[in-house]
Amino acid sequence: MGDVLPLGTEWQERPVRPADLGGARVALVHDWLTGMRGGEKVLEALTQLLPNAEVFTLLHVPGSVSARLDATRPRRSFVQFLPWARRHYRRYVGLFPMAIEQFDLDDFDLVISTSHCVAKSAVAPGRTHHLCYCFTPMRYAWDQFDAYFGRQRVGWLRNRLYRLAFGRLARWDAATAGRVDQYIAISRHVAARIREYYGRRAAVVYPPVDTTFYHPNGSAPGSYFLIVSALVPYKQVDVAIEACRLAGVPLRIAGDGPERERLRSLAGPHVEFLGPCSDADIRELYRGSRAMLLPGEEDFGIAPVEALACGRPVVGLARGGAAETVSDGTTGILVENAGAEAFAAGIARAAALEFDAAHIRKQALRFSLERFYEEMRGRIEAALAPPGGADA
């Protein structure tokens, strides 16, 4: 639930063939619009496929997302108007189920939720097909509660209170899984999580990566390793800091979030915190790096694929999305153990290898923006097709 980089809008300039809706009305339901993360890039791409869709979200902070998303003038829930909600909306998580259920979607023929929290539980009428593009079942209510709200982080009392609150949220999350007619997961890893927590099958459509904007420029790799990430607990940035210290290599960190000050306290002179960066700056950081680091278990991981598109390898944990996007020894290094020592060994291995930038980029092209448009257009048009085909 952490803030991340105000990343990109470059793909907006390229024309996209909209999905054929046959006059159907479509609603896009998104958790919140408070920063330009990977999920917001997906939503932005969907607004290009569905230029007349109406957007619903719990909270919208104008200027925090792309101009295209701001221009949709999304319908917002009552969370928008609660005290200090723009900065502290996470404190109202107990109200999110009520808020998402109050959206009136009766006039729509198709509802597409883009969900990592409560959007998938929006209530669509019985005649309306609900397609959920699921980033993940909410981590903090299921398997990663301790990473966010463990006793060492929040203390004994708050840990107990949060455990009760998020236990109830998890039960509600599971109970409302049937509101979705069709799940689409961002990776095989997330499809397995959907099966485990919701008891539902999910097709896989990988998220879009702008491989046209992110491309090599022929420069030689530099000496520093790179993190592009929200500074939140599950990203395990502290592991990367310690691993780079052990390996004796410089580390640059692009991103922001609630873990920033704690991470600064752990970092030595080998670490440089860059804060939020523009797309153009991020691209140059990818190009100038020795490799990008992915020490946490990602559901997919758009930033690592952006690095691959720029011809730079990724050193990542051999679980989650990295296991689907990185090939060990050819486009990066997969580390089996999540500890700093194992990651330091992976960094040393990456530093010793010569990688082929053209081969690395070819791997990234499997996840292109154009491929996402094509696959999602097919899914959307199929969802709107009459039962039994066009003659039914």
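Trp 32, Tyr 89 and Phe 96 come together as one aromatic cluster. The model is predicted, so local features need pLDDT of at least 70 and side-chain atom pairs count only at pLDDT 80 or more, while totals for chains, interfaces and linings use all residues. Residues are numbered from 1 along each chain as its sequence is written, and side-chain values use heavy atoms, with hydrogens and water left out.

In total, the structure holds 12 aromatic pairs (rings of Phe, Tyr and Trp, the last by its six-membered ring, with centres within 6.5 Å; planes under 30 degrees apart are stacked, over 60 edge-to-face and the rest tilted). One of them joins Trp 32 and Phe 96, a tilted pair with 5.5 Å centre to centre and 50 degrees between the planes. Trp 32 belongs to the loop between β1 (26-30) and α1 (38-49) and Phe 96 to helix α4 (residues 96-101), so this pair ties together parts 64 residues apart in sequence (helices, H or I, of at least four residues and strands, E, of at least two are DSSP runs, numbered from the N terminus). Trp 32 and Phe 96 are both buried (under 20% relative accessible area, with exposed over 50% and partly exposed in between; 1.4 Å probe, protein chains only).

Because Tyr 214 lies in the loop between β7 (202-204) and β8 (225-228) and Tyr 286 in helix α11 (residues 279-288), the pair ties together parts 72 residues apart in sequence. Both Tyr 214 and Tyr 286 are buried.

Charges also meet rings here. The charged end of Lys 120 sits over the ring of Trp 172, 5.5 Å from its centre, and Arg 283 lies over the face of Phe 213, at 4.0 Å from the ring centre (NZ of Lys or CZ of Arg within 6 Å of the ring centre and within 35 degrees of the ring normal).

Arg 312, in the loop between α12 (302-309) and β12 (314-317), is buried yet has no salt bridge (a side-chain nitrogen of Lys or Arg within 4 Å of a carboxyl oxygen of Asp or Glu). Glu 284, the nearest side chain of opposite charge, is 9.2 Å away. Polar atoms of the Arg 312 side chain do, however, lie 2.8 Å from the backbone oxygen of Ser 219 and 2.8 Å from that of Arg 287.

Key:
Lys, Arg positive; Asp, Glu negative; His and termini not counted. Polar contact = N/O pair within 3.5 Å; in protein donor to acceptor, adjacent residues only side chain to side chain.
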